[in-house]
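Let's take a look around this structure together.

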Amino acid sequence: MKTDVEPKGGPTLQSEQPSQLMFERLRRLTSFREFMIMAIVIAGCLVMWITTPIFMTFGNWSALLLQVSIECIVAIGMTILLVSGGFDLSVGSTFAFAGAMTAMTMSSGLPPWAALLVGLAAGAVIGFCNGFIIAKIGINPFVTTLAMMSMVRGMLLVITRGRNISGLPESFRVIGQGNVHGVQNPIWIALLMVLVGDILLRKARFFRQNYYLGGNERAAMLSGIRIDRLKIFNYSLTGLLAAFAGIIMTARLGAASVTAGTGLELKVISAVIIGGASLKGGEGTILGSFLGSLLMGILVGALTILGVDVYWNTFVIGATLLLAVLIDTFGRSRRKLP
Amino acid sequence: MSGEHILELRGITKDFPGVRAVNKVDFDLRRGEVHAVVGENGAGKSTLMNILGGVLQPDSGDLFLDSRPVRFVDVADAGRNGIAVVFQELSLVPSLSVAENIYFNRQPTDRIGFVASGKLHKATQQLLGLFNLQVGPARAVAELSMAHRQIIEVLKAISLRPRILILDEPTSSLSATEIDRLFDNILRLKSEGVSFIYISHHLPEIFRIADRVTVLRDGKIAGTFGIGEVDEESLVKRMVGRELTNMYGKRISQIGETYFQVERSDGDTKTAFNLRLALGKGEIVGIAGLIGSGRSELAMEIVGITPNRQCIVLLNNQQFRFRYPAESIEQGVVYLTENRKELGLYLSMSIQDNCVAPTLRSYTNRLGFISDHQIGLAALDARHRFNIATPSVRKLVGQLSGGNQQKVLLAMWTGARPKVLIVDEPTRGVDVGAKAEIYRLLRDLAASGIGILMISSELQEILGLSDRILVMRNHRLVAEFSREEATEEKVILAATGLAERAKKLSGQEL
């Protein structure tokens, strides 16, 4: 992740012996959460491959990734929020609301691209409201986004009168249903966004500020970070990404459902935490969140293939989350602060 | 041991990492006396009271209560032995009522075990009557002024019916009439046989109320006197009397032109106080004053942490009113907080990430991307220049010692190429070795032309390092001394508000 600074002589470096540096590098690599999850993902895949041949087929992976991809797009925003010490419970509602807005405006004759912009704008506005209330008025993220979750879902029901919206044009559905080289569009889109997002959060100064904000909010303010603006941006971005994911989902199903995205917020937060972020803030990467989503997807896929009752899925997701946090807590207690 | 002593301390010693806070202290308290304890900040008063109150355990030495050896394992244990402490930091729960705070965890109950609120409120009302306080027992403490909270704290201690009552700066937010009430109550309880240990910076109070006074200096007893045997000036001399060592170094360059000024005028807000100060290039100006005199508040207004429209900053003849630290940092006016753990550093992040926190922009290319390689090099350079003791700049700052943390804070802010550096308690919680290094760093920074405002509660530091000394009291500048004319006595007299004497001694009255 970070470039190592090589000892090139000079008075500062006596203590950084080569062997120590190697050890340090190794320690850092193995303490990477990404490294751990990657190992678990690979090990899980190997076991599944050996026991059930169907697991490693193109069809299975295509279905699995399609499911994961839509969650992943939401997880990008959620990761940035968790890194900065916040979180958002309203993403599931925003997801459904934006899909419905796009579908309705399209049904009433708007061209697909314009309808898409309407949906995205709706998401960004919801996110902006969250951010404004949290940063400027100072109500905590839990209460604010919990209320927003209800309000947005309620608005959705009012606008749609509780009915699903179908009959969307082919030119719109292609976003979710088309494929390139046999791989469905949502997967391409999600992979591209994860890649760009991961680089931005690691390397771009603007996004990097979130680690400081999440590490110590008051110190960040004293260090000259405009924390209110940054928070509002983060929530707006998360709203926008949730909306985008909701629109892709609508395109894929060819219809907007009023119950879409129910429980999505908890699934996404779980994936992000499994991927190495902490609710205390200051930690997490988008790559980690992607792997966290993937791990949960593989787990559910494996349970299905193994013929485990589908009702166990939710339980297993919860247990995985708890296990991930437990492992992390024990790993952490060894390097206690003095 | 004679029976007139209710409490005796013999050879009490307490060490903290890097410092012996209390060193072989002998102390006794007679039945029904008010025994004042005075000393500078850091002289060991609070540590000693924490030992008496059961908060801390002494490393060695003996405590005798009624000539019986005792050892208090915790606050409740001290309480059972009849010792109550009113600490400087108030310990009330703001969301609870006055009555619930006073009778915290020992509310009168009825037969079923429910709180008997009638009884509770009646008892509280009686206590409030002692201070003639017009406050309902059911009012939430959060709604009360600081002065009333301080009184509630005293009442809470009185309600425990202690035999020994320890008061640590009990008058810091009280008005003159409230202080009179407090003293009436002390005299009444005294006549009932209660003994008092009374800690205060306000020497006149001590001469009003105390029977004897003990001076603490550097953790040791510097003398115990009957109140008739001493006057204020001789007490002050006892408190500070020590040779300055040369750990502060010498000025190594000339002071340049005045380039930084602050003017704060009386506005419509209650907190604004007239104030004007100026700083020259390469000059170190010390700001002395008691805790709560408004020094940190002033600094936070200057850099825009708590923006004040009445606070105008003139830097190189340009006028600013900073609304956010982001703005002051951009102009090169930076503030190093006294509270490095909560406000200054990112404890869960690495040294290198901390070092570049305010200056991320300078490690960013045109596309907005950060170079971690550059950050690492800068951190290694800082480790060398500030002599930060760490095997790796990737170590978490929370794992460093206090002195090294303070150096990281200095590295972090000098990296921002400041024009003006405001340091607040730069050596708090730092051991002697690191202190000397920090002084050397401040000297070097001044030599490079940076003007430094140094807020400190350590008088030696102020006197040893400053070219000029400003004294604040009650949010105002009350005195200014040049390096030559300043003495510890003059500064203390000005800071504690013995204004008449300060006027006589001070070269310039502001």
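Two residues count as being in contact if their C-beta atoms, placed from the backbone, lie within 7 Å. Keep in mind that this is a predicted model.

Chain B splits into domain 1 (5–240) and domain 2 (246–349 + 416–505). Taken over C-alpha atoms, the centres of these two domains of chain B are 33 Å apart. Where they meet, 14 residues of domain 1 of chain B are in contact with 12 residues of domain 2 of chain B. On the domain 1 side, helix H8 (residues 232–240) of chain B gives the most, with 5 residues. Sorted by class, that side has 4 nonpolar, 6 polar and 4 charged residues.

## Where chain A meets chain B

How many residues does each chain bring to the contact? Chain A brings 27 residues and chain B brings 34 residues. In chain A, helix H1 (18–31), helix H9 (205–215) and helix H10 (217–222) each supply at least two residues of the side that touches chain B. The largest share, 5 residues, comes from H9(A). By class, this side of chain A has 10 nonpolar, 9 polar and 8 charged residues.

## The largest nonpolar core

The largest nonpolar core has 236 residues, and Val74(A), Ile422(B) and Val491(B) have the most contacts inside it. Helix H11 (residues 227–253) of chain A gives the most to this core, with 16 residues. Domain 1 and domain 2 of chain B both give residues to the core, so it lies between them.

Now zoom in on Val74(A): leaving out residues up to four places away in sequence, Val74(A) touches several residues, including Val91(A), Phe95(A), Leu241(A) and Val268(A).

Terms used:
Residues numbered from 1 in each chain as written. Chains lettered and ligands numbered in written order. Predicted model: local features only at pLDDT ≥ 70, side-chain atom pairs only at ≥ 80, totals over all residues. Helix = DSSP H or I, 4+ residues; strand = E, 2+ residues; numbered from the N terminus. Nonpolar A, V, L, I, M, F, W, Y, C, P; charged D, E, K, R; others polar. Core = buried A, V, L, I, M, F, W, Y, C linked by C-beta atoms within 7 Å. Buried ≥ 20, exposed ≤ 12 C-beta atoms within 10 Å, placed from the backbone. Domains from an automatic or database assignment.
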